[in-house]
Amino acid sequence: MRQEDPRSPAIVCGSGAERLGAEIADLLRVTPLESRLDRFPDGELDVAVDPAVRERDAYVIQSLGPPVNDHLVELLLLVDACRRESASRVTAVLPYLGYARKDRRTGPGEPVGLRVVADMLAHPRIDRVAVMNPHVLQVEAIFAVPVTIMSAVSVLASALLPPPATDDVVVAPDAGAIGLAERYSAELGLDRVAVVLKDRQSGTEVSVSGIASDGSGGDALLVDDMITTGGTLEAAAAAVRDSWGPGSLRIAATHPVLVDDAIERAMKLEPAQVVVTDTILHDDLPEPFEVVGVADVVASHLRDLTSR
Ligand code: R5P
C-alpha cells in the first residue's frame, strides 16, 4: 500500500483519460483519487470527486475525444467539484483538446469553438491548462490562464523504426501543419519539408491542388496533429504519390480520433508504419498502427508544474 503525503498532487481522471491518467499518477507515485461518474435518467452527467482533493494541487486529466461533448461537460463538472471541495489549485490536463480546429471563423455565421471552450473552462476557475500538441499554438493566447504546451513529437519520432533516411521528406498535409513538420524534421535531422496545398470543403471532404516541395523523390513521412476521418491523409498521400511516384509512406499523428472508416482509409494507403499516441484510447489498432504512450511526457510536465 502506497503511503501518500496529503500534500502530494491530487490526480483526478475523467472517463476520456482513465488509463492514461492512471499511468501518469503511477509515474508521479500517487494513486488517482476516486471519482464517480453516473448519469441522471434525462442524460445529464452526475459526478463527484473524492473530498481528499481538499487543499491539494489538483490535476484533472481529461481527453476531449469522442464523445467530445460529454467529455467536455464531465471536465467542467470535475473542475467545479474540485473547486467547491477547496482544492488549492486546479490544472486541466488535456492530452487531446477538442474544438481546437475552430480557432477562427472560416465563413459567415460561424462561431469560434475554441474560444467558447476556453470561456467555459474559465467559469469553474481553472488555474492552468496543460495541452498536448494542440491544433493551433494560439491556444496560449485564447486561454486567459497560463497554458503549458506538451509535445509528443519526440516520442513519435523515436518510434519510427528504422529511422528515416537522410533524403526522406517530411510532408505537412496542409499549411497549418508546416510548424509541426518542421519540428519533426529538426527532431529527425532531415532537411526536406514538403507542403500539400489542401482546401477543406466540409468535415469529411478535402481537395488538393498540388504539393510545394524543393525536389522530388525519397520516402515520405506524413505528419499531422490528428487523424479524424482519414480524408486529409488520403488526399495528401495521393498528392505525394502523384508528384513523386510510389516511394514508401509512413505516418505520424499525435491524436488518433479515428472516426467512421478512418482506420480502413489509412490502411488502404499501405503505409509502412502509422505511429499515433494514446491521448485517445483505442484497443487493438491493427498493424501497421503503433501506439506510443505519452504518460512519461505528461508526468514530467506535471512534476515541473507542481514545483512552481
Ligand atoms: C486539420 O487542419 C487537421 O490538422 C487535420 O489535418 C484534420 O483535422 C484531420 O482530419 P481528417 O482526418 O478528418 O481529414
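These notebook entries record what I looked up in a predicted model, taking a helix, a ligand site and a loop residue in turn.

**Entry 1: helix H2**

I began with helix H2, which covers residues 68-84.

I then listed the buried positions of H2. They are His-71, Leu-72, Glu-74, Leu-75, Leu-76, Leu-78, Val-79, Ala-81, Cys-82 and Arg-83. I asked which elements the buried residues of H2 pack against. The partners are the strands S1 (10-13), S2 (35-39), S3 (45-49), S4 (57-61) and S5 (89-94), together with helix H3 (113-122).

I also examined the backbone just after H2, where Ser-86 takes a positive phi of about 65°.

**Entry 2: the ligand site**

I next turned to the ligand, which 14 residues surround. The closest of these are Arg-101, Asp-224, Asp-225, Thr-229 and Thr-232. By class, the shell divides into two nonpolar, six polar and six charged residues.

I looked up individual distances to oxygen atoms of the ligand. A polar side-chain atom of Arg-101 lies 2.8 Å from one such oxygen. For Thr-229, an N or O atom of the side chain is 2.6 Å from a ligand oxygen. Gly-230 contributes through its backbone, with a polar atom 2.8 Å from an oxygen of the ligand. I then noted the cover: the ligand taken alone exposes 370 Å², of which the protein buries 93%.

Which elements give two or more residues to the shell? I found strand S9 (192-200), strand S11 (220-227) and helix H7 (231-244). S11 gives the most, with four residues.

**Entry 3: Asp-127**

I finally looked at Asp-127, located in the loop between H3 and strand S6 (128-132).

Leaving out residues up to four places away in sequence, I recorded contacts of Asp-127 with Arg-83, Arg-89, Val-90, Val-145 and Pro-146. Arg-83 is also among the buried residues of H2, and its side chain makes a polar contact with the side chain of Asp-127 at 2.4 Å. A polar atom of the Asp-127 side chain lies 2.7 Å from the backbone nitrogen of Val-90. Val-145 is 18 residues from Asp-127 along the chain, yet their C-alpha atoms are separated by 6.1 Å.

Definitions and conventions. Residues are numbered from 1 along each chain as its sequence is written. This is a predicted model: local features need pLDDT of at least 70, side-chain atom pairs count only at pLDDT 80 or more; totals for chains, interfaces and linings use all residues. Side-chain values use heavy atoms; hydrogens and water are left out. The expected span of a helix is 1.5 Å times one less than its number of residues. Buried means under 20% relative accessible area, exposed over 50%, partly exposed in between (1.4 Å probe, protein chains only). Contact means heavy atoms within 4.5 Å. A residue is near a molecule or strand if one of its heavy atoms lies within 4 Å of it. A polar contact is a pair of N or O atoms within 3.5 Å; within protein, one must be able to donate a hydrogen and the other to accept it, and residues adjacent in sequence count only if both atoms are side-chain atoms. Accessible areas come from the Shrake-Rupley method with a 1.4 Å probe; for residues, only the protein chains shown count as cover. Ala, Val, Leu, Ile, Met, Phe, Trp, Tyr, Cys and Pro count as nonpolar, Asp, Glu, Lys and Arg as charged, and the others, Gly among them, as polar.
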